Amino acid sequence: MPGTPEAEAVIRVRDLAARFDGRTIFEHVTFDVRRGEVFVILGGSGCGKSTLLKHMIGLYAPAEGSIEILGVRMDGLDGAARVALLRRIGVMWQSGALFGSSTLAENIGVPLEEHTDLPAEARDMVARVKLGLVGLADAAGRLPAEISGGMAKRAGIARAMALDPPILFLDEPSAGLDPITSAGLDALIRQLARDLGTTFVVVTHELQSILAIGDRCIMLDKEAKGMIAEGDPRRLRDESRNPVVRAFFRREVLA
Ligand SMILES: Nc1ncnc2c1ncn2[C@@H]1O[C@H](COP(=O)(O)OP(=O)(O)O)[C@@H](O)[C@H]1O
Ligand SMILES: [Mg+2]
């Protein structure tokens with residue numbers, strides 16, 4: 001079962017430190033992401049959430065520590081091994097831009113064109129299946145400029161799922177969305193995790209999202225330069241004794 005201690009760790013982060021020009025963003029970050037769970041990375045602006053994500057997918061090399069994804073150490077991978085591993089994870093960035101001059105189906109076909117030998121009709125078919133999974137079956141022929149912000153996020157998720165990755169990374173998926181659209185996106189993430197067994201690593205600082213989707217979470221903190229909480233977000237809300245964690249979950253203003 002997702003979230004239970006018996007579930008296999010698909011990502012292992014050990015004693016990770018991130019530094020830029022000698023400035024420590026975070027250190028001593030250690031956690032597992034278990035197969036099939038929705039794992040949330042939370043914390044205030046500038047605490048290093050996106051930086052952690054970039055380390056996890058191998059865009060940044062650790063200053064210290066290690067990251068293992070699906071049993072493979074990210075650091076020290078050669079080019080071919082890195083490409084093979086990156087094929088197995090999907091990423092939707094905060095900016096998440098779609099190609100403006102291509103239809104949604106063509107956008108989702110891009111990773112298929114880059115990484116597979118599928119002919120154009122097969123790519124189009126896969127793209128339409130993925131769009132169907134995110135509730136955009138009727139929008140395959142539309143251009144990004146012709147859809148809403150919420151639909152663009154869904155299309156970004158469909159594109160990240162193009163190659164059927166067992167792990168999906170989403171950086172602030174609900175940024176810039178109104179609360180209702182954001183709640184719809186949360187429901188979609190939960191549904192995909194449940195129906196497809198996809199493991200999600202979601203960066204967010206939206207309290208409602210965290211409580212709606214997170215099986216487990218970690219909280220980063222800028223002052224502490226590292227993790228200040230780990231576990232079930234509902235339990236953290238109700239039981240944490242850390243004043244910063246409590247303030248975040250209860251929306252208290254710290255004196
Ligand atoms: N490539 C980089 N070079 C230098 N500093 C960086 C780089 N990436 C991120 N940072 C710094 O790391 C800190 C955390 O950034 P970020 O991970 O984007 O925070 P968050 O996503 O939590 O808002 C910020 O101070 C940011 O300026
Ligand atoms: Mg960020």
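The questions below take up the ligand shell and then the pockets of this predicted model.

Reader: Which element supplies the largest share of the shell around ligand 1?
Author: The residues surrounding ligand 1 include Gly44, Ser45, Gly46, Cys47, Gly48, Lys49, Ser50 and Thr51, along with Phe20, Arg23, Ile25 and Tyr60. Strand E2 (23–34) and helix H1 (49–56) each give at least two residues to this shell. The largest share, three residues, comes from H1.

Reader: What percentage of the exposed area of ligand 1 does the protein bury?
Author: An oxygen atom of ligand 1 lies 2.8 Å from a backbone N or O atom of Lys49, and an oxygen atom of the ligand is 2.6 Å from a side-chain N or O atom of Thr51. A nitrogen atom of ligand 1 lies 3.0 Å from a polar side-chain atom of Tyr60. Taken alone, ligand 1 exposes 560 Å², and the share of this that the protein buries is 64%.

Reader: How many nonpolar residues are in the lining of the largest pocket?
Author: The largest pocket, with a volume of about 620 Å³, is lined by 24 residues, of which Leu86, Ile89, Gly90, Val91 and Pro111 are the closest to its centre. Helices H2, H3 and H5 and strand E6 each supply at least two residues of the lining. By class, five lining residues are polar and four are charged, while the nonpolar residues number 15.

Reader: Which helices each supply at least two residues of the lining of the second largest pocket?
Author: The second largest pocket holds about 160 Å³ of space. Among its 13 lining residues, Pro179, Ser182, Glu206, Gln208 and Ser209 lie nearest the centre. The helices that each supply at least two lining residues are H6 (179–196) and H7 (207–213).

Technical notes:
Residues numbered from 1 in each chain as written. Chains lettered and ligands numbered in written order. Predicted model: local features only at pLDDT ≥ 70, side-chain atom pairs only at ≥ 80, totals over all residues. Heavy atoms only, no water. 1 Å grid on protein atoms, 1.4 Å probe; cavity = no way out; pocket = protein on both sides within 12 Å on 5 of 7 lines; lining within 4 Å. Points joined across faces, edges and corners; volume = space filled by probe spheres on them. Helix = DSSP H or I, 4+ residues; strand = E, 2+ residues; numbered from the N terminus. Nonpolar A, V, L, I, M, F, W, Y, C, P; charged D, E, K, R; others polar. Near = heavy atom within 4 Å. Polar contact = N/O pair within 3.5 Å; in protein donor to acceptor, adjacent residues only side chain to side chain. Areas by Shrake-Rupley, 256 points an atom, 1.4 Å probe, with all protein chains shown as cover.
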